[in-house]
Amino acid sequence: MIDLQLHTTDSDGTWHWVKVVEKCADMGLTAFAITDHDTAVRREEIRAWGKANDVMAIPGIELSTSENGQTVHLLGYFLEGPQEKLEGRLDYLRAGRRSRNKKIVERLQGLGIQVTEEDVLRAAGTATVGRPHIARLLMEKGVVKSMQEAFDRYLSLNGSAYFPKDELPLREGIDLLHGAGAVTSVAHPGLLKRAPDALEASLKEWRSWGLDGIEAIYPSYSLEQTAFFERLAGKIGFLRTGGSDFHGENKPHIKIGTGSGHLNVPDELLEPLLERRDAIVKAVTHA
């Protein structure tokens, strides 16, 4: 069993990366990937930890991109090429997050909620600040009773304090990650608000842009959705990925490896990813 979507305190998870990888190793996972949002700050540490402990710990990232007016989360695995161009664009995204957080705080203050940017930074600690940190802060202040309530009332698309964030075009994201020696996969495409025919058409176009895979296995998918994405992967020529989307206590119902209880991402998905990695790295190094 493998798990190719895990988040830590470096973005919006609540477990330190060492705790996450140690748990994965203790569970006997064949391979696992740390895919924090818009950061690959632990890339070398994760790779070194895996080598030292004789496990396949994969450095990864979940990149914020957009396409046709909708957010598309793009996963990148391995990151074995030059990182300078990618890091430059990540700096842009992080600056955008800081600006967004400020706007959200201002809107919360306008609603009469006593919260400051300093409060948010303290809540996040060393992590890249995101909406889950603001949601947890609202819980701590007694404004809401749960993370879900914080998002529903204030932080989601229709929330009263919502503000959009800067994102890269999906096509640029694919090229950036390939240039950084990463295999690409669209995270949880089943969560995209597109009808099946429109989604299939989008995925065909994204494949023509070089997208390598789709997250065909995900905790919230129905059996029908999983079958749909398995079929599309074969039809369009995508690699398949899958992951729990673990965030620690920010998603307490999601566990490493098993998701909400029934997730099972098979080892057989790993070898095609490794083959694609080798081809991408070879292309990058010989460019």
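## Reading the features

A: Start with a loop. L79 lies between β4 and α3, in the loop that links them. Keep in mind that this is a predicted model.

Q: Is L79 buried or exposed?

A: Buried means under 20% relative accessible area. L79 has a relative accessible area of 0%, so it counts as buried.

Q: Which loop holds H188?

A: The loop between β6 (183-186) and α8. H188 is not a glycine, yet its phi is positive, at about 30°. H188 has a relative accessible area of 9%, so it is buried.

Q: How do the lining residues of the largest pocket divide by class?

A: There are 15 nonpolar, 19 polar and 11 charged residues.

Q: How many cavities of 30 Å³ or more does a search of the whole structure find?

A: One. A cavity is a space where the probe fits but cannot get out, whereas a pocket is open. The largest cavity holds about 50 Å³ of space.

Q: Which residues line the largest cavity?

A: The lining is D10, I34, D36, T39, A40, V41, R42, R43, I46, P59 and G60. Two elements, α2 (43-52) and β3 (56-67), each give two or more residues to it. By class, five of the lining residues are nonpolar, two are polar and four are charged.

Q: How do I read two packed helices?

A: Two numbers describe the pair: the angle between the axes and the distance between the axes. Here, take α8 (residues 196-208) and α9 (residues 223-236). They pack at an angle of about 40°, and their axes are 11 Å apart. The crossing of α8 past α9 is right-handed.

Q: Which residues make the contact between α8 and α9?

A: From α8, they are P196, L199, E200, L203, K204 and R207. From α9, they are F228, F229, R231, L232, K235 and I236. The contact has seven nonpolar and five charged residues, with no polar ones.

Q: What does A150 touch, beyond residues up to four places away in sequence?

A: A150 touches A135, L138, V144 and L155. Its place is in helix α6. A150 is buried, because its relative accessible area is 0%.

Q: How far apart are A150 and G237?

A: In sequence, A150 and G237 are 87 residues apart. In space, they are 39 Å apart, C-alpha to C-alpha.

Q: Where is D212, and is it buried or exposed?

A: D212 sits in the loop between α8 and β7 (213-217). At 4% relative accessibility, D212 counts as buried. Not counting residues up to four places away in sequence, D212 touches H178, A182, V183, T184, G237, F238, L239, R276 and I280. Along the chain, D212 and I174 are 38 residues apart. Their C-alpha atoms are separated by 8.8 Å.

Q: L239 is one of those contacts. Which strand holds L239?

A: Strand β8 (residues 239-242). L239 counts as buried at 19% relative accessibility, because the cut-off is under 20%.

Q: What does L239 touch, leaving out residues up to four places away in sequence?

A: L239 touches V183, D212, G213, I214, P272, L273 and R276. For G213, there is also a distance to read. L239 and G213 are 26 residues apart along the chain, and their C-alpha atoms are separated by 4.2 Å.

Conventions
Residues numbered from 1 in each chain as written. Predicted model: local features only at pLDDT ≥ 70, side-chain atom pairs only at ≥ 80, totals over all residues. Heavy atoms only, no water. Axes fitted to C-alpha atoms, helices over the stretch in contact; angles between N-to-C directions. Helix = DSSP H or I, 4+ residues; strand = E, 2+ residues; numbered from the N terminus. Left-handed = near helix turned anticlockwise from the far one by under 90°. Contact = heavy atoms within 4.5 Å. Nonpolar A, V, L, I, M, F, W, Y, C, P; charged D, E, K, R; others polar. Buried < 20%, exposed > 50% of the residue type's maximum accessible area, 1.4 Å probe, protein only. 1 Å grid on protein atoms, 1.4 Å probe; cavity = no way out; pocket = protein on both sides within 12 Å on 5 of 7 lines; lining within 4 Å. Points joined across faces, edges and corners; volume = space filled by probe spheres on them.
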